[in-house]
Structures are given as structure tokens and as C-alpha cells.
Protein chains: 2
Amino acid sequence: MRETILAQAVRVASTNGLEGVTIGHLATSVGMSKAGVLGHFGSKQNLQLAVLDEVSKIFTVSIIESGVDQPPGLRRLSRWCEAWMNYLDSDVFPGGCFVTAVSAEFDGRLGPVRDRVVAILSTWLSALQDEIDVAQEAGELSNDVDSKQIAMELNGFVMSANQSRQLFGDKSALELMRRSIRERLTLHVPVAHDVGIPSQ
Amino acid sequence: MRETILAQAVRVASTNGLEGVTIGHLATSVGMSKAGVLGHFGSKQNLQLAVLDEVSKIFTVSIIESGVDQPPGLRRLSRWCEAWMNYLDSDVFPGGCFVTAVSAEFDGRLGPVRDRVVAILSTWLSALQDEIDVAQEAGELSNDVDSKQIAMELNGFVMSANQSRQLFGDKSALELMRRSIRERLTLHVPVAHDVGIPSQ
């Protein structure tokens, strides 16, 4: 039952925000009493934290694990970016990128929910930056640009694609930003370095 | 009085989202009755639309008008991007970029509020794209990349800067993305083309 409530809470939060998840509506939609829902989570805040843990698990399975069979550096980075865009493309969450949505929702507030969002996003950006460092040390990416800057650019391309997709229903947005990612990851790299990034 | 209520509503919406603006809290914080606040706006939805109109006005004054004295093309585009980052830097809204926040908040819903957000953002992205087209036709930017793609990249850099700034309190984020914007706008342009973009 906990899993059913949680899955429904993730769906609702994806479109209405984490604050849009109310115990009352949730109880109605899974056919339980409010006390029954609260019995599983204790409080609205604990439910919000459980939703974030669930989203983090989905993100890990969909994206991070897709890169484990790739060597560190540019290959793993490319696989991650591909999986990241596929995750937007496949509408894993009805409201688009969950982490982007909750980061905009909670960035102006303090508390454990914000702290969890910060932890999830900073872990991901650090993982990207680590692979960029490896790629730069191996000469797969030129190191005239800071690795943190490149990680932030990749994150920006994904956020931009997500926004145009969700807000304008623009299907071409993902394709354009896939191209930007490919161009970013091959920028300044000698042609001789064929690292398996599919062109076009 | 309408202006006072509206200014307070913009502040609240900037950190708590447009749905976080409640007539009751607003009435308390400006020292009016709920009926008094409703008398000025009619409904919560009309208040939300009035907030968006106000935000759009601030965005126009802070950013779009900063480029009117520049010639169309790369110079206007550069000025706009500079003003866009300065607008984040100066914390015009306590919750960071207002348009990014409400687009994440409303992208999963239908209705007049979402439609207004779509209109504001698509007008801005089109304006960027128009200047990129002019710059490409004038040879100030190479035209091997689609103008829509470049506009989306610039938007992504700003979103990424805003996210790291708001969520991690990372002051260096704006500087890194300023650099990305400069690099993007000088990419593939022969050195001879000095168009007045300050370096570093």
C-alpha cells in the first residue's frame, strides 16, 4: 500500500509540485482514509521526502546506471547525457523533469525538503564534473574550459529542452539540445579522437 | 493600494510560487480584509495574471529596453544577455528568475495562467532568435547552427546559473555562465570581427 500511495504522490507532485500533494486528495485517489495515509508517512513533510527518495531512485536507475558499463570519461559522460535526454523524451514523469521542477519550487525556502533537493542535484552535478575531469585529463575534452562550467552548460541544455518541451509542447526542442550536447562534447577535440559519440 | 498589494504578491510568488499567493495571507500582510483584496482583483486567478503582467513589465524594463540603443544583431544580443545576467545578479526577485520558477510551476497544467507564462517566454525566446538571425545574416555569428538552437542554449545557460545560484547559493555560477554566453556568442567568429563583447 505504501508503494501505491507513493507512486500516486510522485505523479501528482510531477504536475502540481511537491506542495500540491495533499494528504486529503491522496487518500481519496487511493481509496483510503487520511489517517491511513498519514499512518504510512507520519506527516506531509515525510511524504515529500519519501517522494524525493523515490524520484532519486528512478533517476539513478534510468540515467546513472546506464553509464556503469562505460569506461570513465567522455564515453560515460556521453552515455549519461543520452540517457538524460531519453528520460525526458520518454515522459518518465508526466510533468517533465522532476528535479528541475522541485528545485524551482523549493529554491526560495529553507528546510529538510530543500536540503534533500540540494543533495540530489549537487550529487548529480558533481558526478558529471568528475567524468569531465577524467575526460580532460585523458585529452578527450580540451581543458581550456573549467569542468564545472561544462557540467553547468550540459545541465542548462537539459533544462532548456525540458522547458520548451513542457511549456510549448515543442518536440524538436529535445533534438536541438541533443545536438548542443554533442557539439559541446566534441568542441575543440581533434577529429582523430573518435570516442563513439554518434554524429547527427 | 492596488500597487501595494501587487508588489507584495510578486514578492510572495517569487519564493512560494504563484499558487502560494493566497488572498488571506496577502490581506494580512497589507493590513486589509480579504474582501478588500478581492475587490481589487476579483479572483485569485486574476491576481495571478496581474502578477505575471507586473513581472513582464519588470523584465521588459530591466532587460529588453537595455538593448534599444544598440544596433540589431550581435550587439543588441550581447547587451540583452548582459542585462539578463545582471538581473539575476541584482536579485530583482528574492526567489530568483521569476519566469523560470512559474514555468516549472505551471508547465504541467492548463488554463489562462499557463497561457500567459507561455506568451511571455515565447515572446522573449523569439526576440532572441530574431537578433541571432540578424547577426547570422550580417556574418557576426556563423550560421552553421540553427538560430533557435542558439536561443535555447542561451536560455539554458541562464537557467543553469539561476538554479545553482538559488539552490546552492553559488555566487560563481553567474560568472561561469557569463563566460559560456560570451564563448557561445564568439564561437566560430573570425577574430577580425570585434563587436564590442567585453572579454573575461
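Rings of Phe, Tyr and Trp, the last taken by its six-membered ring, form a pair if their centres lie within 6.5 Å. In this predicted model, such ring pairs link A:Phe59, A:Trp80, A:Trp84, A:Tyr87, A:Phe93, A:Phe98 and A:Trp124 into a cluster.

## Aromatic pairs

The count over all chains is 13 aromatic pairs. One of them joins A:Trp80 and A:Trp124, with 5.2 Å from centre to centre. The planes of A:Trp80 and A:Trp124 stand 55 degrees apart, and the pair is classed as tilted. A:Trp80 sits in helix H5 (residues 74-89) of chain A and A:Trp124 in helix H7 of chain A, so the pair ties together parts that are 44 residues apart in sequence.

A:Trp80 has a relative accessible area of 6%, so A:Trp80 is buried. A:Trp124 is at 4% relative accessibility and therefore counts as buried.

## Salt bridges

Over all chains, a search of the whole structure finds 24 salt bridges.

| Pair | N to O distance |
|---|---|
| A:Asp53 and A:Arg116 | 2.7 Å |
| A:Glu131 and A:Arg76 | 3.4 Å |
| A:Asp89 and A:Arg178 | 3.2 Å |
| B:Asp170 and A:Lys148 | 2.6 Å |

Take the pair A:Asp53 and A:Arg116, a salt bridge with its closest N and O atoms 2.7 Å apart. This pair links distant parts of the chain, 63 residues apart. A:Asp53 belongs to helix H4 (residues 44-62) of chain A, and A:Arg116 to helix H7 of chain A. A:Asp53 has a relative accessible area of 39% and is partly exposed. A:Arg116 is partly exposed too, with a relative accessible area of 28%.

Next come A:Glu131 and A:Arg76, whose side chains meet in a salt bridge at 3.4 Å. Again the pair links distant parts of the chain: A:Glu131 is in helix H7 of chain A and A:Arg76 in helix H5 of chain A, 55 residues apart. A:Glu131 and A:Arg76 are both buried.

The side chains of A:Asp89 and A:Arg178 also meet, at 3.2 Å from N to O. A:Asp89 is partly exposed, at a relative accessible area of 35%. A:Arg178 has 17% relative accessibility; the cut-off for buried is under 20%, so A:Arg178 counts as buried. A:Asp89 and A:Arg178 also belong to a network of salt bridges with A:Asp91, A:Arg165 and A:Glu175.

## The interface of chain A and chain B

Chain A gives 43 residues to the contact, and chain B gives 43 residues. Between them the chains bury about 3600 Å². Carbon and sulfur atoms carry 58% of that area. In chain A, the residues that lose the most area to chain B are A:Met152, A:Gln163 and A:Leu167. Together these residues make up 18% of what that side buries.

The polar side has its own counts. Chain A and chain B share 22 residue pairs in polar contact. Two salt bridges cross the interface. B:Asp170 and A:Lys148 form a salt bridge, with the closest N and O atoms 2.6 Å apart.

Several elements of chain A give two or more residues to the side that touches chain B: helix H1 (2-16), helix H6 (98-106), helix H7 (112-137), helix H8 (147-168) and helix H9 (172-186). H8(A) provides the largest share, 15 residues. By class, this side of chain A has 17 nonpolar, 16 polar and 10 charged residues.

## Helix H1 of chain B

B:Ser14 lies in helix H1 (residues 2-16) of chain B. B:Ser14 is buried, at 4% relative accessibility. The side chain of B:Ser14 reaches the backbone nitrogen of B:Gly95 at 2.5 Å. Beyond its neighbours within four places in sequence, B:Ser14 is in contact with residues including B:Phe93, B:Pro94 and B:Phe98.

B:Val10 is also found in helix H1 of chain B. B:Val10 has a relative accessible area of 7% and is buried. Setting aside residues up to four places away in sequence, B:Val10 touches B:Val51, B:Glu54, B:Val55, B:Phe93 and B:Phe98.

Conventions. Residues are numbered from 1 along each chain as its sequence is written. Chains are lettered from A and ligands numbered from 1 in the order in which they are written. This is a predicted model: local features need pLDDT of at least 70, side-chain atom pairs count only at pLDDT 80 or more; totals for chains, interfaces and linings use all residues. Side-chain values use heavy atoms; hydrogens and water are left out. Contact means heavy atoms within 4.5 Å. Buried area is the accessible area (1.4 Å probe) that two parts lose on being put together, summed over both. A salt bridge is a side-chain nitrogen of Lys or Arg within 4 Å of a carboxyl oxygen of Asp or Glu. A polar contact is a pair of N or O atoms within 3.5 Å; within protein, one must be able to donate a hydrogen and the other to accept it, and residues adjacent in sequence count only if both atoms are side-chain atoms. Helices (H or I, at least four residues) and strands (E, at least two) are DSSP runs, numbered from the N terminus. Ala, Val, Leu, Ile, Met, Phe, Trp, Tyr, Cys and Pro count as nonpolar, Asp, Glu, Lys and Arg as charged, and the others, Gly among them, as polar. Buried means under 20% relative accessible area, exposed over 50%, partly exposed in between (1.4 Å probe, protein chains only). Rings of Phe, Tyr and Trp (its six-membered ring) pair if their centres lie within 6.5 Å; planes under 30 degrees apart count as stacked, over 60 as edge-to-face and the rest as tilted.
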